[in-house]
Amino acid sequence: MIGVYFVSRFLAGRSIKPVREISNTISRITRNNLNERVSTPHHQDEIHELSTNFNALLERIENAIEREKQFTSDASYELRTPLATLRGTLEVLIRRPRSQVEYEEKIKYSLIEIDRMTSTLEQLLLLARLDNSSHQKKHDEWTSLPKLIDESISQFKNAINEKNLKIDLDFNHSDKAHGLYYYSKIIIDNILGNAVKYSRANSNIIIGVKTLEDKIIRTITDEGIGIREEDLTKIYDSFFRSDALSHKKITGNGLGLAIAKKCADAIGAEIEIKSTFGRGTTVTIIFLSQS
């Protein structure tokens with residue numbers, strides 16, 4: 001019996017060793033030390049599965065925190081830059097008396113910077129609301145997608161006219177072509193807004209809506225500057241802009257697609273983007289039809 005006791009104790013100690021290691025690892029992990037990982041046992045048992053799942057959880061948490069840090073850093077930069085520009089402009093303005101024309105020119109420039117900063121803040125607030133908007137979906141109303149597209153086209157009417165863009169509509173009208181208003185409107189506005197912004201003058205934008213079984217497929221194709229192939233994996237990252245230095249005259253802060261992607265995820269929609277650099281981009285949004 002004494003022999004059995006010691007053998008049992010030895011075996012029990014070996015069996016709980018991985019659990020003890022997991023416990024020790026957890027006690028060492030902090031927000032600034034998420035690179036720790038639990039060693040997985042060689043045997044493919046429940047402890048191995050627990051260790052693997054725990055390591056995967058740590059990986060997801062670490063990635064989420066890194067994205068949060070990067071987002072905070074980018075947001076700070078995007079807000080500091082126009083503030084610094086605004087301050088510099090005003091400091092130059094008060095150094096000596098200037099003509100009425102110079103004052104008006106500097107004030108108009110300052111207003112443009114304020115508008116840019118306001119737009120960035122509004123989009124940051126929208127991203128924050130989308131992270132905590134589970135209640136919004138419950139109170140959202142279903143509406144016609146062609147109607148939403150018409151509203152969005154009207155919203156960008158001035159920019160469309162300035163570039164002399166031709167909008168070709170290809171609608172397969174159906175009672176199923178509906179989407180949740182709040183999220184669908186944000187998605188359509190951001191995607192169409194990008195198509196207008198990055199289109200070349202006197203080019204075409206083709207907008208299509210069709211139903212396929214339980215899905216509504218909406219496409220927007222432009223003949224704009226396109227996206228580099230190596231940048232397609234980054235386009236949903238906040239503040240990322242493909243080849244931004246080559247298109248300094250095109251304003252933006254790289255938040256539109258990040259917002260559209262969050263809205264799509266919230267309602268179970270999918271966004272697919274295909275682009276040829278220098279020739280144009282096609283964005284396909286796949287909505288689930290109203291049940």
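Predicted model: local features only at pLDDT ≥ 70, side-chain atom pairs only at ≥ 80, totals over all residues.
A residue counts as buried when its relative accessible area is under 20%. Helix 7 covers residues 181-198. The distance from its first C-alpha to its last is 25 Å, close to the 26 Å expected at 1.5 Å a residue.

Two tyrosines, Tyr182 and Tyr183, supply the one aromatic pair counted. Their geometry is edge-to-face. The ring centres lie 5.2 Å apart, with 85 degrees between the planes. The two residues fall into separate exposure classes by the cut-off. Tyr183 has a relative accessible area of 1%, so Tyr183 is buried. Tyr182 has 22% and is therefore partly exposed.

Strand 5 (residues 215-222) pairs with strand 4 (residues 204-212) in the antiparallel sense. Eight bridges join strands 4 and 5. Within this pairing, Ile207 stands opposite Ile220. The hairpin formed by strand 4 and strand 5 has two residues between the strands. Glu213 in this hairpin takes a positive phi near 55 degrees.

Strand 5 also pairs with strand 7 (residues 280-288). This pairing is antiparallel and again runs over eight bridges. Here Asp222 stands opposite Thr281 of strand 7.

Charged side chains also sit over aromatic rings. The charged end of Arg228 lies over the ring of Phe277, 4.2 Å from the ring centre. For Lys261, the charged end sits over the ring of Tyr236, at 5.7 Å from its centre.

Notes: Residues numbered from 1 in each chain as written. Heavy atoms only, no water. Helix = DSSP H or I, 4+ residues; strand = E, 2+ residues; numbered from the N terminus. Expected span 1.5 Å × (residues − 1). Pairing = 2+ DSSP bridges. Phe/Tyr/Trp six-rings, centres within 6.5 Å; stacked < 30°, edge-to-face > 60°. Buried < 20%, exposed > 50% of the residue type's maximum accessible area, 1.4 Å probe, protein only. Lys NZ or Arg CZ within 6 Å of the ring centre and 35° of its normal.
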